[in-house]
Amino acid sequence: MIITSRFLARPVRLLSTSAAFVSCIRLANTPHFHVPAGLSQQLQQPLRKMHIQSIPMWVGSSNNYAYLVSDDESKDAVIIDPANPPEVTPVLAEKSKSLNLTAIMNTHHHWDHAGGNTKVLSSLASRSLPVIGGRDCEGVTETPAHNSTFSIGKNIRVTALHTPCHTQDSICWFMEDEATDERVVFTGDTLFIGGCGKFFEGSGAQMNRALNEVLAALPDDTRVYPGHEYTKSNVKFLKKVLPDNRALDELARFADENQQTQGKFTIGQEKAHNAFMRVHTDEMKKVTGQTDPAAVMDKLREMKNAG
Ligand SMILES: [Zn+2]
C-alpha cells in the first residue's frame, strides 16, 4: 500500500493497515507535532499512480477524446488517439515539462483517431517515438498481438485486446496499475458508454465477440474510456429498447447532469445498462425478434442506425 499526504515530504510505503495505524499514533504522540484534523484520513488515501487526462476534441461536432495516460512514479506517458493536433499539441507542450512521452497509441485507423499521428510527432522534440496501434493506423510502427502486454513506466501494465468489427484493426487497450489495483480500458469506437460503434468493416458476430467475450471478460470494476462522448444520444436509444431497465436510470441521470461521462462507468455497469452487452437476454431477444446473439446484435445496430 502506498500513502501520501501534503504533510509528508514524500510518499511512505506501509506494509499493512495496522502499520498505518501505528504511524498515525506515533505522529499524534510526537511532541510539538500538530496533527491537523483529517490527517489520518489523508494517510489512508493511496498515491495515484496512473493518471488519465482527457483531451476533448471537436466538442459540439464529433466529440472525440484523446487521452494522456501517465505513470506518476516514472513520469512516463502515452497519448492515445491525438487526432486533432491544434487541440492536443498545446497540452503535450505544457506537459512535456513534467512528463516523458514514450509513445503515440491508437484504437483504430479512422482519421478522427489516428489521423493526427504524423503532425503530432513532428511537433515533438523526439520525432522517433513509436506509434502503437492497429495495422492501418497512420505511421504505425508496432501492432502488438492480441493479449500481448507491455508496460508504461513502472506501474502500468497494458494488454492489447483485438476487437475487429468497427474496423478490422480495432484494438482496445486494457491498463492495470499494479500499485493501486486500478483498471481502465480505452475502447475507441468499439464500446461507448451505453452503446457501440457502427459495424463499418465487420459483422454482428464480430461485435458480439468483441463486446461480450473479449471486453466482458475484463474485471467488472474496469472503468471505460471510449473514443467519443455519445452517451446522451445512446441513452435515448436505450430508453426505447430497455424501458424497464433500472440500471439505465443511473446512466440517464448522470448523462443529464454531466457533459462528460468517460471513466465514470465500468464494464460491470455496461453489462447492466448497455443493450449491446445484453444480447443474450430474453428482453433483447424479444425486442429484436431474434434469438442468436449475433443476429440480436445485427438487429439492434440496425435499429440504432435508424434512430
Ligand atoms: Zn471510428
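**A covered strand and its surroundings**

Strand β4 is mostly covered: eight of its eight residues are buried. Asn64, Ala66, Leu68 and Ser70 point one way from β4. Tyr65, Tyr67, Val69 and Asp71 point the other way, and all of these residues are buried. These results describe a predicted model.

The chain has 307 residues, and buried residues make up 41% of them. It contains 11 helices and 14 strands. Among contacts with a separation of 6 or more, 61% join residues 24 or more positions apart. The average pLDDT of the chain is 88, and 84% of the residues score at least 70. Residues 1–42 stand apart from this in the confidence record: pLDDT stays under 50 over this stretch. The model has 34 contacts beyond four places in sequence for residues 1–42. Where pLDDT is low, the predicted coordinates should not be read in detail.

Strand β4 belongs to an open sheet of five strands. The order is β3-β4-β5-β6-β7, and the pairing is mixed. The edge strands are β3 (50–57) and β7 (131–132), each of which pairs on one side only. Strands of a sheet pair through backbone hydrogen bonds, either parallel or antiparallel.

On one side, β4 pairs with β3 in the antiparallel sense, over eight bridges. Serine 54 has tyrosine 67 of β4 as its bridge partner. Six residues lie between the strands in the hairpin of β3 and β4. In this hairpin, tryptophan 58 takes a positive phi near 50°.

Strand β4 also pairs with β5, again in the antiparallel sense, over four bridges. Here valine 69 has valine 78 of β5 as its bridge partner. The hairpin of β4 and β5 has four residues between the strands. Lysine 75 sits in its turn, with a positive phi of about 70°.

Isoleucine 104 has valine 131 of β7 as its bridge partner. Helix α3 (residues 85–95) packs on the sheet. Helix α3 touches β3, β4 (64–71), β5 (76–80) and β6, and its direction makes about 150° with that of β3.

Aspartate 81 lies in the loop between β5 and α3. Its phi is near 50°, a positive value in a residue other than glycine. Aspartate 81 counts as buried because it has 30 C-beta neighbours inside 10 Å, and the cut-off for burial is 20 or more. Asparagine 147 is found in the loop between β7 and β8 (149–152). Phi of asparagine 147 is near 75°, also positive in a residue other than glycine. Asparagine 147 has 11 C-beta neighbours inside 10 Å, so it counts as exposed; the limit for this class is 12 or fewer.

A further covered strand is β10 (residues 171–177). Seven of its seven residues are buried, so β10 is largely enclosed by the rest of the structure. Both of its faces are covered. Ile171, Trp173, Met175 and Asp177 lie on one side, with Cys172, Phe174 and Glu176 on the other.

Strand β10 has two antiparallel pairings to report. Strand β9 (residues 156–162) pairs with β10 over seven bridges, in the antiparallel sense. Arginine 157 has glutamate 176 of β10 as its bridge partner. Strand β11 (residues 182–188) pairs with β10 over five bridges, also in the antiparallel sense. Methionine 175 has valine 184 of β11 as its bridge partner. The hairpin of β10 and β11 has four residues between the strands. Aspartate 181, in the turn, has a positive phi of about 65°.

The axes of α6 (residues 204–214) and α11 (residues 293–306) come within 8 Å and cross at roughly 100°. Helices α6 and α11 are therefore roughly perpendicular to each other. On the α6 side, the contact is made by Gly204, Ala205, Met207, Asn208 and Asn212. On the α11 side, Pro293, Ala294, Ala295, Met297, Asp298 and Arg301 take part. These contact residues divide into six nonpolar, three polar and two charged.

Methods:
Residues are numbered from 1 along each chain as its sequence is written. This is a predicted model: local features need pLDDT of at least 70, side-chain atom pairs count only at pLDDT 80 or more; totals for chains, interfaces and linings use all residues. Two strands pair if DSSP finds at least two bridges between them. Two residues are in contact if their C-beta atoms, placed from the backbone, lie within 7 Å. Axes are lines fitted to C-alpha atoms, for helices over the stretch in contact, and angles run from 0 to 180 degrees between N-to-C directions. Angles under 35 degrees count as roughly parallel, over 145 as roughly antiparallel, 65 to 115 as roughly perpendicular and the rest as oblique. Ala, Val, Leu, Ile, Met, Phe, Trp, Tyr, Cys and Pro count as nonpolar, Asp, Glu, Lys and Arg as charged, and the others, Gly among them, as polar. pLDDT is the predictor's confidence in each residue, from 0 to 100.
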